[in-house]
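Welcome, and please keep your viewer open beside this text. We will go from stop to stop, selecting residues as we go.

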Amino acid sequence: MQRVGFVGWRGMVGSVLLERMRAEGDFRGFEPVFFTTSNVGGAPPAVGLDAPPLADAGDLAALSGLDVVVSCQGGDYTTATHGPLRARGWRGAWIDAASTLRMRDDAVIILDPVNRDVIDRAVDAGVRDFIGGNCTVSLMLMVMAGPIRAGMVEWISSMTYQAASGAGAKNMQELVRQMQVLGERAGTLATDPATGALALDSNVQETLRSDAYPVREFGVPLAASLIPWIDKAVADGQTREEWKGHVEANKILSLSPEVPIDGLCVRVGSMRCHSQALTIKLRRDVPIPELEAAIRASNEWAKIVPNEPDATRRDLTPVTVAGTLDVKIGRLHAMRMGKDHVAAFTVGDQLLWGAAEPLRRMLKLWLAR
Ligand code: NAP
């Protein structure tokens, strides 16, 4: 029986992965081993299969005995472990949520609803490193792969609105703590109908600027504000998060010639789900119904929301989409710049298609080979 190691299962992505695997009845037909960087010897999670106590995620000998490693632990762990493990001659499958290995020639970015052909070719060619894509990139392709593959798209500009959970479990806690502090300090100013707007605003601004405001993880306030910078700076004024948009999307779909994709990535105070406002430059005037048909052809999870106020407010929000596999796209309309420029807004659960789901499906695909 194949042995599958799970590293990082306690984090945000790992927890969602386990939840999805339980829901789909995936814990059967293999022997799971759970690893930890903080609690060696602790109890493994309940998954309906016997598993030994938590093993040390840094123990290369233990990892070498596995057929598959699924890591949701993060880039530092991948950097510290993947190379040394391969250097020992380990030939198992490495399935990872971190970005570290994504752009390597000997790794494939997995998003099987849109690039199963690319994955199959990589497996046949002997590739053993299967890496989940950046969350916003994967979510964009879940709705845009159809139009791109149909040759309709000249370029895309994506302006993102990314949730706090995209930064991990500790950041989610900090967002809620920030909200809590705002509420505590506002006190009755937030509930008394006689409160003047300016009094409430001054109170909130004072809290946001006070030393007591909890900003350890994000570095600056997120609740009642936003952060127009994600990850580190790279060349040409971009952030690394923005750089990923072009390089990863083109690698995922194996596009040649490439389709330029660029924009700004912004962290906002939503808890879960990443949203993006897209400007889509089409190669020709494409009537909206034809574009919608191409979007629907992307895969069964791409869902169109009519460009109407009630439908948009009800269906095109993080609140509606969180916890579901649907990736929604709406606000579709030709822009003032010409009919070959289309505006759209899309939202999807970044912890599902943007992180855990491609990993879960790759593991299944690999074990079923
Ligand atoms: P995370 O929540 O910070 O979890 C990573 C590890 O942190 C856990 O496995 C756990 O390791 C440790 N940890 C420390 N304190 C914790 C706490 N209070 N609760 C839970 N775990 C805690 O990171 P993540 O967001 O899942 O991201 C993992 C990787 O996936 C990263 O490379 C990230 O870039 C990538 N990714 C994330 C998202 C997303 O939306 N979050 C999307 C796509 C890709 P031990 O159990 O060993 O202590």
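**Stop one: a pair of helices**

Select α6 (residues 169–186) and α7 (residues 197–209): their axes come within 10 Å and cross at roughly 135°. Axes here are lines fitted to C-alpha atoms, for helices over the stretch in contact, with angles from 0 to 180 degrees between N-to-C directions. Helices are DSSP runs (H or I, at least four residues), numbered from the N terminus. This is a predicted model: local features need pLDDT of at least 70, side-chain atom pairs count only at pLDDT 80 or more, and totals for chains, interfaces and linings use all residues. Residues are numbered from 1 along each chain as its sequence is written, and side-chain values use heavy atoms, leaving out hydrogens and water.

Now show side chains: V181, L182, R185 and A186 of α6 meet L200, N203, V204, T207 and L208 of α7, where contact means heavy atoms within 4.5 Å. Colour them by class and you get six nonpolar, two polar and one charged.

**Stop two: another pair**

Next, select α5 (residues 135–149) and α8 (residues 240–253), whose axes come within 10 Å and cross at roughly 45°. On the α5 side, the contact includes L141, A145 and I148; on the α8 side, A249, I252 and L253 are among its residues. Its residues divide into eight nonpolar, two polar and four charged.

**Stop three: M144**

Finally, centre on M144, which touches V153, I156, L278, I280, S298 and I329, leaving aside residues up to four places away in sequence.

Key:
Helix = DSSP H or I, 4+ residues; strand = E, 2+ residues; numbered from the N terminus. Nonpolar A, V, L, I, M, F, W, Y, C, P; charged D, E, K, R; others polar.
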